[in-house]
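This briefing goes through one protein model and its ligand, topic by topic. Please keep the sequence and the 3D view open while reading.

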Amino acid sequence: MANVILHPEWHLKEKEASPESVYWSRKQILRGFGTASLATILSSPETIFAGPRRSNPNPSLQYDPSFLKNLFPPKRSRSFSFVKGRTVTPEIYASSYNNYYEFTERKEDVWKYVSRFRTRPWTIKIGGLVKKPRRYDLEFLIRKFSLEERVYRFRCVEAWSMILPWVGIPLQKLIRYVEPHSKARYLSFIGWNKPSQAHGQRYGNYSWPYYEALRMDEAVNELPLLVVGMYGHPLTKQNGAPIRLIVPWKYGFKSMKGITRIEFSSRKPHTFWNDAVPKEYGFYANVNPKRPHPRWSQAYERVLGERRKIRTLPYNGYGKWVAKLYKNEV
Ligand SMILES: Nc1nc2c(c(=O)[nH]1)N[C@H]1C(S)=C(S)[C@@H](COP(=O)(O)O)O[C@H]1N2
Ligand SMILES: [Mo]
C-alpha cells in the first residue's frame with residue numbers, strides 16, 4: 001500500500017479526550033495541512049459528539065425498505081437480546097454520527113452525503129482459498145440464512161460508544177457455506193470505490209477501496225455478524241448498507257461497511273488503518289482499556305446520546321467469548 005501519511009479525523013478532533021500537551025503537539029503537526037484540517041480543529045466540541053442538531057431531518061430514513069423484504073423484523077437472538085445495565089442508543093444518534101471516510105471525514109455530516117450512493121444491485125465476490133468461489137447476488141445469498149437481531153456494544157477507537165440492535169447472519173454460517181480450504185488462515189473484506197457517488201473518494205487522500213481482515217479463528221467465533229439491518233429494519237446507507245461487518249470486541253474500524261468482496265488467504269492480509277498509520281492502528285485492534293492509543297487513553301468511553309463517560313471493558317465486554325483466542329496479540 002502507498003506509504004503516505006494519512007490522518008483519520010480523530011487525530012484532529014479528540015482534544016477534549018486527550019491531554020493538553022498532546023493536543024498542542026498535534027496542532028503543530030497540523031501546521032503543514034490545508035484549510036480543511038484547520039476548519040476541523042476550530043470546530044466547537046459541541047459539534048464533535050453532541051449528536052444530531054435540531055435542524056436534522058430524520059436521517060434514519062436513508063435505507064431501502066424493499067431490501068430483503070419479509071425478512072424484517074427478524075427474530076431476536078437468545079444470547080444477545082440486551083446488554084446488561086445499558087440501554088439501546090436512540091437511533092437518531094446512531095444514524096447521524098458516523099464514521100465513513102468514503103463520504104466524508106466529518107462524522108456529523110456523513111448522512112448528508114449518502115443519498116447518491118446506490119446499494120442495489122449489489123453482489124459479493126467470494127474468492128481465494130475456498131471451494132465455492134463465486135460472485136453472489138447479495139439478496140440471494142442472505143436469503144439462504146435466517147436473519148437474527150443481536151444487541152451489541154460498539155466501541156470506536158476514538159473512545160465513543162453505543163449500544164445497537166444489529167440485524168444479520170453470523171459470519172461463521174457464511175464461512176461454513178462457502179467451504180474454505182484448510183490452508184485458509186485469514187479472510188479479507190474489501191469495500192467499494194465509486195467516486196462519482198462518494199464525495200470522500202473524490203477528494204480524500206486515501207487508497208480506496210477500504211479493506212479489513214480477520215484471522216480465521218476470530219472469524220468463525222460466534223460473535224462476528226454480517227449485518228444487513230439495524231433497529232429492526234434494513235441498514236441505513238450511513239451505517240453501511242447494504243452489508244457490513246460487526247466485530248464487537250474490536251475497535252470500530254474493524255467493522256467494515258459496504259462489503260463487495262471476501263477473500264480467503266493463507267497469509268496475513270493488509271488492513272486499511274494499519275497501512276495508513278501502523279504505529280496507531282494494529283491488525284488485531286482488540287478493545288483494551290489498559291493499552292492507551294499513542295495519543296489518548298482508552299480507559300473510558302463517552303456514550304453517544306448520553307452526556308457521560310463510562311469505563312471501557314477488556315474486549316469490550318466479550319472476553320468470555322474471545323479472550324482465549326489471544327496470547328500475545330493486541
Ligand atoms: N468502509 C468503511 N467502513 C468503516 C469505516 C469507514 O470509514 N469506511 N469506518 C469505521 C469506523 S472507524 C467506525 S467507528 C465504524 C462506525 O460505524 P457507524 O457509523 O455505523 O457507527 O465504521 C467502521 N467501518
Ligand atoms: Mo472508529
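The model is predicted, and its local features are reported for residues with a pLDDT of at least 70. Ligand 1 is surrounded by 17 residues, and the space it takes is the largest cavity.

**Ligand site**

- The closest of the 17 residues around ligand 1 are Tyr101, Glu102, Asn239, Arg244 and Lys257.
- By class, the shell around ligand 1 holds 9 nonpolar, 5 polar and 3 charged residues.
- Asparagine 98 has a side-chain N or O atom 3.0 Å from an oxygen atom of ligand 1.
- For arginine 244, the distance from a polar side-chain atom to an oxygen atom of the ligand is 2.7 Å.
- For lysine 257, a side-chain N or O atom lies 2.6 Å from an oxygen atom of ligand 1.
- Ligand 1 would expose 540 Å² if taken alone, and the protein buries 100% of that area.

**Residues in strands**

- Glutamate 212 belongs to strand β7, which spans residues 211–215.
- The relative accessible area of glutamate 212 is 0%, so this residue counts as buried.
- The side chain of glutamate 212 is joined to that of lysine 254 by a polar contact of 2.7 Å.
- Valine 227 is part of strand β8, residues 225–230.
- Valine 227 is buried because its relative accessibility is 0%, and the cut-off for buried is under 20%.
- Isoleucine 243 is 16 residues from valine 227 along the chain, and the two C-alpha atoms are 5.6 Å apart.
- Glutamate 301 is placed in strand β12, which covers residues 300–303.
- With a relative accessible area of 3%, glutamate 301 is also classed as buried.
- Glutamate 301 makes a side-chain polar contact of 2.9 Å with serine 161, and another of 2.6 Å with the side chain of threonine 312.

**Loop between α4 and β1**

- This loop runs between α4 (45–49) and β1 (75–76), and serine 66 is one of its residues.
- Serine 66 has a relative accessible area of 29%, so it is partly exposed.
- Serine 66 and proline 234 are 168 residues apart in sequence, yet their C-alpha atoms are 8.5 Å apart in space.
- Leucine 68 also lies in the loop between α4 and β1.
- The relative accessible area of leucine 68 is 0%, which means that it is buried.
- Leucine 68 is not a glycine, but its phi is positive, at about 55 degrees.
- Proline 73 is in this loop as well, and the peptide bond that joins phenylalanine 72 to proline 73 is cis, with omega about -10 degrees.
- As background for these backbone angles, most residues other than glycine have a negative phi, and most peptide bonds are trans.

**Loop between α9 and β7**

- Proline 209 is found in the loop between α9 (199–203) and β7.
- The bond from tryptophan 208 to proline 209 is a cis peptide bond, with omega near 0 degrees.
- Serine 207 is placed in the loop between α9 and β7 too.
- Serine 207 is partly exposed because its relative accessible area is 27%, which falls between the limits of 20% and 50%.
- Phenylalanine 272 is 65 residues from serine 207 in sequence, and their C-alpha atoms are 8.1 Å apart in space.

**Loop between α11 and β12**

- Alanine 285 is located in the loop between α11 (272–276) and β12.
- Phi of alanine 285 is positive, near 50 degrees, in a residue other than glycine.
- Alanine 285 has a relative accessible area of 7%, so it is buried.

How values were computed: Residues numbered from 1 in each chain as written. Chains lettered and ligands numbered in written order. Predicted model: local features only at pLDDT ≥ 70, side-chain atom pairs only at ≥ 80, totals over all residues. Heavy atoms only, no water. Near = heavy atom within 4 Å. Polar contact = N/O pair within 3.5 Å; in protein donor to acceptor, adjacent residues only side chain to side chain. Areas by Shrake-Rupley, 256 points an atom, 1.4 Å probe, with all protein chains shown as cover. 1 Å grid on protein atoms, 1.4 Å probe; cavity = no way out; pocket = protein on both sides within 12 Å on 5 of 7 lines; lining within 4 Å. Sits in = over half its atoms within 2 Å of the grid points. Nonpolar A, V, L, I, M, F, W, Y, C, P; charged D, E, K, R; others polar. Helix = DSSP H or I, 4+ residues; strand = E, 2+ residues; numbered from the N terminus. Buried < 20%, exposed > 50% of the residue type's maximum accessible area, 1.4 Å probe, protein only.
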